[in-house]
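Here's a quick briefing to read alongside the coordinates. Have the viewer open and follow along topic by topic.

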Amino acid sequence: MESWIRKKFREAYKKLHHLATEVSKREFGIGNLTKKIYKRHMAFVDEEDLQHYLEVETPFYISHSVAYYKKPSATPMEAKGWEGADLVFDLDAESHSKEAINKVKEDLINLIDLVNDYLDAKDTLIVFSGNRGFHFHIRDKRFRKLGTDERLKLIEFLKGEKFDHKKLFDVYNRFNLDSEVLLGPKPSDLGFGGLFARETINLLNKEPQKLHRYFKEKENRERFIKGIKEGNWNRYDKRRVKNLMDRLDVVAKRVHIFSLSIDSGVTQDITKLIRVPGSLHGSTGFWVMPIKKSRIEEFDPFYDPVVIDEEPVKVKMIQSVFINIKDFKGKLKKEEIVKVPSYVGVYLILKNYSLLLDG
Amino acid sequence: MRFEVKFPFTQSAKKWVNEESLINPKPSLVQRAIDLIIASLKKGRFPIMKEEGKEAILVFYIVRLILSYMNNSYLTNRVSIAYSKSVYEEIISKKDEFDEELRRLCRELSLRIEEESKKYRIPVEDYLTFSPDSPDYYLYYLEVSKGYVFLNFHQLKRVIQEAITKRLINLKHLENVPDEIKKAAKRIQASLPSLQPKRVKVKMDEYPPCISKIMDDLFKHKNLSHYARWALAVFLFNIGWSKESIIRLFSNLPDFSEKITRYQVEHIFRKGYKMLSCDKMALYGLCISKCGLKNPLEYKKAYGKLDKKKV
């Protein structure tokens with residue numbers, strides 16, 4: 001069974017090329033069917049050396065370090081000579097279903113936009129993880145030297161979870177409502193402040209009652225908005241609108257990013273081994289394929305990354321399961337013996353849904 | 001005062017120091033270095049030397065030599081933080097413009113700052129490295145765009161302070177030092193028991209991995225983030241530690257102030273805060289293990305008697 005899957009992987013690798021870069025500086029780890037990484041501290045001379053290994057030795061899983069080392073195969077870790085690491089984001093769905101993966105796509109697109117707008121990162125790569133999520137690799141040299149703490153600060157920012165809108169306002173009089181001026185963000189400001197001001201104005205124009213019914217009157221609303229545009233958030237009647245700061249929570253919730261599916265642990269770990277882009281995933285047989293940002297929405301995780309051929313194969317089902325992969329759709333029952341395309345066969349066996357009868 | 005005297009940790013100051021005078025340091029200078037270290041430990045401030053000439057720089061180098069030889073992270077961190085606080089209070093915070101001296105200081109600290117109509121532009125990656133660990137300095141409250149963070153002058157000054165702290169905390173261990181330095185180290189060592197944090201006995205394997213990690217960092221005298229401090233104090237309160245024990249534990253922090261710690265710990269006791277859930281811990285980047293629990297307090301019950309490696 002194992003040798004049949006390896007043969008299928010090998011045939012696929014002959015048609016694909018991995019997308020690993022700076023191979024000679026990275027540590028590699030490989031996995032078999034029982035352990036995703038059973039051997040690590042491996043190194044390759046260059047991109048071709050790695051490609052040759054994939055086509056000849058064909059591991060079921062292969063990962064490389066996000067880190068660049070002087071001596072990637074040295075042990076213990078301290079002896080490798082860490083020189084920097086890619087910034088990597090791992091976004092995982094809750095399950096391996098199309099619906100769950102689609103939910104993650106929105107987070108992924110948000111994340112890419114933030115990274116473009118705020119970090120201006122170059123040399124990036126988005127891949128399907130091969131199972132139930134996406135990896136976003138930033139290989140830009142500017143970020144390689146960041147340590148664990150710095151990466152954590154960055155991810156906190158991108159997730160937006162500790163965001164407290166009150167801190168956008170002048171600390172000395174944000175609670176002093178008698179003051180003539182309450183300095184706050186202007187719509188033209190860069191970053192979260194500008195976003196917050198723009199979103200407030202947007203809400204006032206569309207659904208003013210969500211902030212307070214006082215703003216339903218055009219004159220009140222316009223006076224307040226005019227103030228915000230100048231960075232003064234105090235142009236309203238304080239006797240009628242109480243606790244403006246608390247009321248602005250509703251805006252804060254709208255600018256929150258909440259990319260909850262980002263796994264902070266992966267981004268923080270500067271020696272992490274991550275699936276090699278362009279390799280095959282040993283839990284599905286799917287390709288860890290590159291995706292352009294503009295194609296994320298239409299990406300089909302059960303069609304696009306299927307690279308194993310369709311030659312029919314006979315398997316015996318261990319459990320009942322509904323399968324919808326590429327052109328194959330149907331319910332397969334426990335104990336049933338069925339003929340399926342190789343890409344389904346590989347998937348079923350790797351997921352422990354069936355046994356191979358003949359190859 | 002000359003740049004080198006004000007900022008003796010810079011490369012230009014280093015060029016001023018004659019290595020000969022460090023091999024055989026004058027006893028009077030060594031004594032001054034000892035006094036400065038002890039003053040930093042006691043008060044959390046490093047009295048800035050206000051004299052012209054090389055002696056002040058030499059004294060600073062002797063302080064650093066003693067610290068490298070002693071290789072005690074509590075000492076190094078406490079003195080470094082005391083030093084950067086004092087430089088900030090006495091020199092940097094008093095500046096009202098980004099003058100040539102600050103520009104030069106930034107270059108020395110590898111802080112790339114560009115002035116742009118009263119704002120100061122700094123590459124995001126530099127900002128992440130040197131931003132103060134306070135919620136006010138989170139990126140959302142600043143203007144961020146196209147790879148740059150924009151700071152006002154006050155914020156810039158705090159970032160410079162942080163860069164100085166980072167520079168000073170990085171100190172290599174040196175074993176080969178002049179005898180004078182070794183003697184000075186011995187004298188400081190002798191007065192340490194009254195100055196160092198008190199020992200607190202902790203059975204580490206009874207604590208969940210997230211809390212052990214924070215404690216571990218604390219025992220290494222790392223400067224913990226606000227959230228890590230909060231989580232640790234609330235956890236210990238919830239498992240029944242006394243106020244005094246918690247405060248004693250926190251005395252391991254390099255920027256420990258009994259007054260502030262006591263105030264915050266008492267606040268937790270008064271309000272009776274519940275332990276943060278595992279989700280919250282993850283949110284704050286404090287979760288480091290997949291224990292499969294909902295709250296770190298469940299750990300002892302779930303894993304208490306198991307081999308730690310199985311987690």
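B:Lys118 has 8 other C-beta atoms within 10 Å, so B:Lys118 is exposed. Keep in mind throughout that this is a predicted model. What follows takes in the domains, the A/B contact, a sheet, a helix pair and a handful of individual residues.

**Domains**

- Chain A splits into domain 1 (2-160 + 261-295), domain 2 (165-255) and domain 3 (312-358), going by the domain assignment.
- In chain A, the C-alpha centres of domain 1 and domain 2 are 43 Å apart.
- Chain B is assigned domain 1 (3-92 + 167-194), domain 2 (97-163) and domain 3 (204-310).
- For domain 1 and domain 2 of chain B, the C-alpha centres are separated by 27 Å.
- Those two domains of chain B touch, with 8 residues of domain 1 in contact with 9 residues of domain 2. On the domain 1 side, that comes to 4 nonpolar, 3 polar and 1 charged residues.

**Where the chains meet**

- Chain B puts 21 residues in contact with 25 residues of chain A.
- On the chain B side, helix H8 (124-130), strand E3 (143-145) and helix H15 (278-283) each bring at least two residues.
- Which element supplies the largest share of that side? That would be H8(B), with 4 residues.
- The side of chain B that touches chain A is made up of 12 nonpolar, 5 polar and 4 charged residues.

**The three-stranded sheet in chain A**

- Three strands of chain A form an open sheet in the order E13-E10-E14, paired antiparallel.
- E13 and E14 of chain A are the edge strands, each pairing on one side only.
- From one strand to the next, the twist averages 45°.
- Strand E10 (residues 312-317) of chain A runs antiparallel to strand E13 (residues 337-341), joined by 5 bridges. Within that pairing, A:Val313 has A:Val340 of E13(A) as its bridge partner.
- E10(A) also pairs with strand E14 (residues 354-358) of chain A, in the antiparallel sense and over 4 bridges. Here A:Met317 sits opposite A:Ser354 of E14(A).

**A helix pair in chain B**

- Helix H4 (residues 27-43) and helix H6 (residues 73-90) of chain B pack at about 85°, with 9 Å between their axes.
- How are H4(B) and H6(B) oriented to each other, roughly parallel or roughly perpendicular? Angles of 65 to 115 degrees count as roughly perpendicular, so H4(B) and H6(B) are roughly perpendicular.
- H4(B) makes the contact through B:Ile37, B:Ser40 and B:Leu41, while H6(B) uses B:Arg78, B:Val79, B:Ala82 and B:Tyr83.
- By class, the residues in this helix contact are 5 nonpolar, 1 polar and 1 charged.

- As background, most residues other than glycine have a negative phi, and most peptide bonds are trans.
- B:Lys118 isn't a glycine, yet its phi is positive at about 65°. You'll find B:Lys118 in the loop between strand E1 (114-116) and strand E2 (119-123) of chain B.
- A:Asn352 is another residue other than glycine with a positive phi, near 65°. A:Asn352 sits in the loop between helix H10 (342-350) and E14 of chain A.
- Is A:Asn352 buried or exposed? A:Asn352 has 11 C-beta neighbours inside 10 Å, so it counts as exposed.
- The peptide bond from A:Thr75 to A:Pro76 is cis, with omega near -10°. A:Pro76 belongs to the loop between strand E4 (67-69) and strand E5 (82-85) of chain A.

**A buried loop residue**

- A:Leu211 is in the loop between helix H5 (191-206) and helix H6 (218-229) of chain A.
- With 21 other C-beta atoms within 10 Å, A:Leu211 is buried.
- Setting aside neighbours within four places in sequence, A:Leu211 is in contact with A:Leu203, A:Leu204, A:Arg247 and A:Val250.
- A:Leu211 and A:Leu244 are 33 residues apart along the chain, and their C-alpha atoms are 8.2 Å apart.

Technical notes
Residues are numbered from 1 along each chain as its sequence is written. Chains are lettered from A and ligands numbered from 1 in the order in which they are written. This is a predicted model: local features need pLDDT of at least 70, side-chain atom pairs count only at pLDDT 80 or more; totals for chains, interfaces and linings use all residues. Two residues are in contact if their C-beta atoms, placed from the backbone, lie within 7 Å. Ala, Val, Leu, Ile, Met, Phe, Trp, Tyr, Cys and Pro count as nonpolar, Asp, Glu, Lys and Arg as charged, and the others, Gly among them, as polar. Domain bounds come from an automatic or database domain assignment. Two strands pair if DSSP finds at least two bridges between them. A residue is buried if 20 or more other C-beta atoms lie within 10 Å of its own, exposed if 12 or fewer, and partly exposed in between; C-beta atoms are placed from the backbone. Axes are lines fitted to C-alpha atoms, for helices over the stretch in contact, and angles run from 0 to 180 degrees between N-to-C directions. Angles under 35 degrees count as roughly parallel, over 145 as roughly antiparallel, 65 to 115 as roughly perpendicular and the rest as oblique.
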